[in-house]
Amino acid sequence: MAILVTGGTKGIGLDIALAFAVPGAEVFLNYHADTAAADRAHAAVTATGARCTLIRADAGTPEGCAAIAAVVAAQGARLDQVVHCAVDAYASPALTADPVRFTQAAVTNGFSLLYVVQSCLPLMDRGSTAFFLTSRGGRIVVENYAAIGVGKAASESLVRYLATELAPRGIRINCIAPSIVETDAVRALFGDKTAQLMDHAAHSNPSGRAVRADDYTAMIRFLASPGAAFITGQIVFINGGANLSA
């Protein structure tokens, strides 16, 4: 079994990587800049008995995604799962955003999914699955979240188009949308409001708690399994019902 996770050296991406890291598995973790986090992630994955390869590249560009796929190909791996978690946490309202910076972030947070899938497609076989991590900010307005929300919305639409083109190849793609998780990206976006936001998310959830890593990793493991062979092009919310009422 081989899995590639872009943005996989911390946060949700690392949670997912560890959920698939079993003895003998091949885990490819892409990251952009934080080498200390990458080293910690490598140690955590190898401690499970899985083999771990770190790939430093910009998953927000076609060239970066091609470089990522080239590393996987050079090791002779076939990818069972491709998980796109890379995010550019540019925090700004839309009207006051720098246009160049906004566009760069929106591309990384949206259209780069296409670059990842195109680059990795030659490494995927029938039964392989791809995942995109989305959020409610692609559907409702979240403060300072415009560059991420616009990207998420674009990729949710892109997933539907990709699903219909991948289906004849026996490859599936779905979106996973957990409720808010305290990650570096979330802290970059919300700063000193993060703790208050996380507390509110937990106490206002109709299920009485915040989302846990095993909530979304269990869903991804199911969607990657043969039991989900007829599920593709979907957005699965994992939030205890938090999106069901105002």
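## The second largest pocket

Strand 5, residues 124-133, gives the most to the lining of the second largest pocket: three residues. The model in view is a predicted one. In total, 14 residues line this pocket. Lying nearest its centre are G170, I171, R172, A229 and F230.

The pocket holds about 200 Å³ of space.

## Helix 3 against helix 5

Two packed helices are described by the angle between their axes and the distance between the axes. Helix 3 spans residues 62-74, and helix 5 spans residues 112-120. Their axes come within 8 Å and cross at roughly 35°. The crossing of helix 3 past helix 5 is right-handed.

Which residues make the contact? From helix 3 come P62, C65, A66 and A69. Helix 5 supplies S112, Y115, V116, S119 and C120. Seven of the residues in this contact are nonpolar and two are polar, with no charged residue among them.

## T217 in helix 9

T217 sits in helix 9, which covers residues 213-223. Is T217 buried or exposed? Its relative accessibility is 10%. Buried means under 20%, so T217 counts as buried.

What does T217 touch, leaving aside residues up to four places away in sequence? Its contacts are D15, I16 and A19.

Definitions and conventions
Residues are numbered from 1 along each chain as its sequence is written. This is a predicted model: local features need pLDDT of at least 70, side-chain atom pairs count only at pLDDT 80 or more; totals for chains, interfaces and linings use all residues. Side-chain values use heavy atoms; hydrogens and water are left out. Axes are lines fitted to C-alpha atoms, for helices over the stretch in contact, and angles run from 0 to 180 degrees between N-to-C directions. Helices (H or I, at least four residues) and strands (E, at least two) are DSSP runs, numbered from the N terminus. A crossing is left-handed if the near helix is turned anticlockwise from the far one by less than a right angle, and right-handed if clockwise. Contact means heavy atoms within 4.5 Å. Ala, Val, Leu, Ile, Met, Phe, Trp, Tyr, Cys and Pro count as nonpolar, Asp, Glu, Lys and Arg as charged, and the others, Gly among them, as polar. Buried means under 20% relative accessible area, exposed over 50%, partly exposed in between (1.4 Å probe, protein chains only). On a 1 Å grid over the protein atoms alone, a cavity is a set of points where a 1.4 Å probe fits but cannot get out, and a pocket is an open set with protein on both sides within 12 Å along at least five of seven lines; lining residues have an atom within 4 Å of a point. Grid points are joined across faces, edges and corners, and a volume is the space filled by probe spheres set on the points.
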